[in-house]
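Here are some notes for a colleague opening this structure for the first time. Please read them with the model in view.

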Amino acid sequence: MDEALTGALSETNSSIVAKIASSSSHHAASVASNLVLGCALLAFFAAQLLKLICSWLKEKRFDSRRFLVSGGMPSSICATVAALATAVGIQEGARTSAFALALIFASIVMYDASGIRFHAGRQAALLNQIVIEMPPEHSVSNFRPLREPLGHTPLEVFVGAILGCLVSYLMTNSI
């Protein structure tokens, strides 16, 4: 009886594992063929690459860390959400709830990037300057400096949004 039960459980487990493997490969294939996601990711990486190039042209030196940090020209987060909203609008239509959601999401992210995060970065710069001017024996003089490039200027947001829209337009019309 125990052998029969063990055999049945083993066969059931094998069946479950096979179904999970089939399902996960199906999900991976559907994610890979998701045009909206592809547009958003490509816009993000294009903006990060342009950020490296802009940094190189401005500072006359290559700094690979610029690929991983926030702030700078163009805004990669704005390129991402603009590409997302544009791709949803093109694929689903401008009258859909999905487009409305993507557009509102993009607007909030862009407002945050150019407003709240930009001003938080300016405050971080001011606080860092205050800490530098403190005497060495003061308790806050040992604190690690705050990150300053947190947000984006309106121009960086605008260029990122244009880049995102352009990437989605080109990707959706080339397929």
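**Notes on the fold and its helix packing**

1. Start with the contacts across the chain. Of the contacts in the protein with a separation of 6 or more, 70% are between residues 24 or more positions apart. Keep in mind that this is a predicted model.

2. Next, the elements. The protein has 6 helices and 0 strands. Read from the N terminus, the order is α-α-α-α-α-α. Of the 175 residues in the protein, 29% are buried.

3. Now the record. An unreviewed UniProt entry places the feature "transmembrane region" at residues 35-54, 66-90 and 96-113. Two of these spans can be set beside the model. Residues 35-54 are 100% helix and 0% strand. The C-alpha atoms at the ends of residues 35-54 are 28 Å apart. Residues 96-113 are 94% helix and 0% strand. Their end C-alpha atoms lie 26 Å apart.

4. How do H3 and H4 run relative to each other? Helix H3 covers residues 76-92, and helix H4 covers residues 97-114. Their axes come within 9 Å and cross at roughly 165°. An angle over 145 degrees counts as roughly antiparallel, so H3 and H4 are roughly antiparallel to each other. The crossing of H3 and H4 is left-handed.

5. Look at the residues in that contact. H3 brings Ile 77, Cys 78, Val 81, Ala 82, Leu 84, Ala 85, Val 88 and Gly 89. H4 brings Ala 98, Phe 99, Ala 102, Leu 103, Phe 105, Ala 106, Val 109, Met 110 and Ala 113. By class, the contact of H3 with H4 has 16 nonpolar residues, 1 polar residue and no charged residues.

6. Take Ala 85 as one example. Ala 85 sits in helix H3. Is Ala 85 buried or exposed? Its relative accessibility is 5%. Buried means under 20%, so Ala 85 counts as buried. Leaving out residues up to four places away in sequence, Ala 85 touches Phe 99, Ala 102, Leu 103 and Ala 106. Ala 85 and Ala 102 are 17 residues apart along the chain, and their C-alpha atoms are separated by 4.8 Å.

7. Ala 113 is a second example, from helix H4. Ala 113 has 0% relative accessibility and counts as buried. Between Ala 113 and Ile 77 there are 8.2 Å in space, C-alpha to C-alpha. In sequence, Ala 113 and Ile 77 are 36 residues apart.

8. H3 has another partner to check. Helix H6 covers residues 154-174. H3 and H6 pack at an angle of about 35°, and their axes are 7 Å apart. H3 passes H6 in a right-handed crossing. On the H3 side, the contact is made by Cys 78, Ala 79, Ala 82, Ala 83, Leu 84, Thr 86, Ala 87 and Ile 90. On the H6 side are Val 157, Gly 160, Ala 161, Leu 163, Gly 164, Cys 165, Ser 168, Tyr 169 and Thr 172. By class, the contact of H3 with H6 has 12 nonpolar, 5 polar and no charged residues.

9. Finally, Ser 76. Ser 76 is in helix H3. Its relative accessible area is 8%, so Ser 76 is buried. Which residues does Ser 76 contact, leaving aside its neighbours within four places in sequence? They are Phe 44, Ala 47, Gln 48 and Lys 51.

Key:
Residues numbered from 1 in each chain as written. Predicted model: local features only at pLDDT ≥ 70, side-chain atom pairs only at ≥ 80, totals over all residues. Heavy atoms only, no water. UniProt positions renumbered as here; feature names shortened; annotations may be inferred. Helix = DSSP H or I, 4+ residues; strand = E, 2+ residues; numbered from the N terminus. Axes fitted to C-alpha atoms, helices over the stretch in contact; angles between N-to-C directions. Parallel < 35°, antiparallel > 145°, perpendicular 65-115°, else oblique. Left-handed = near helix turned anticlockwise from the far one by under 90°. Contact = heavy atoms within 4.5 Å. Nonpolar A, V, L, I, M, F, W, Y, C, P; charged D, E, K, R; others polar. Buried < 20%, exposed > 50% of the residue type's maximum accessible area, 1.4 Å probe, protein only.
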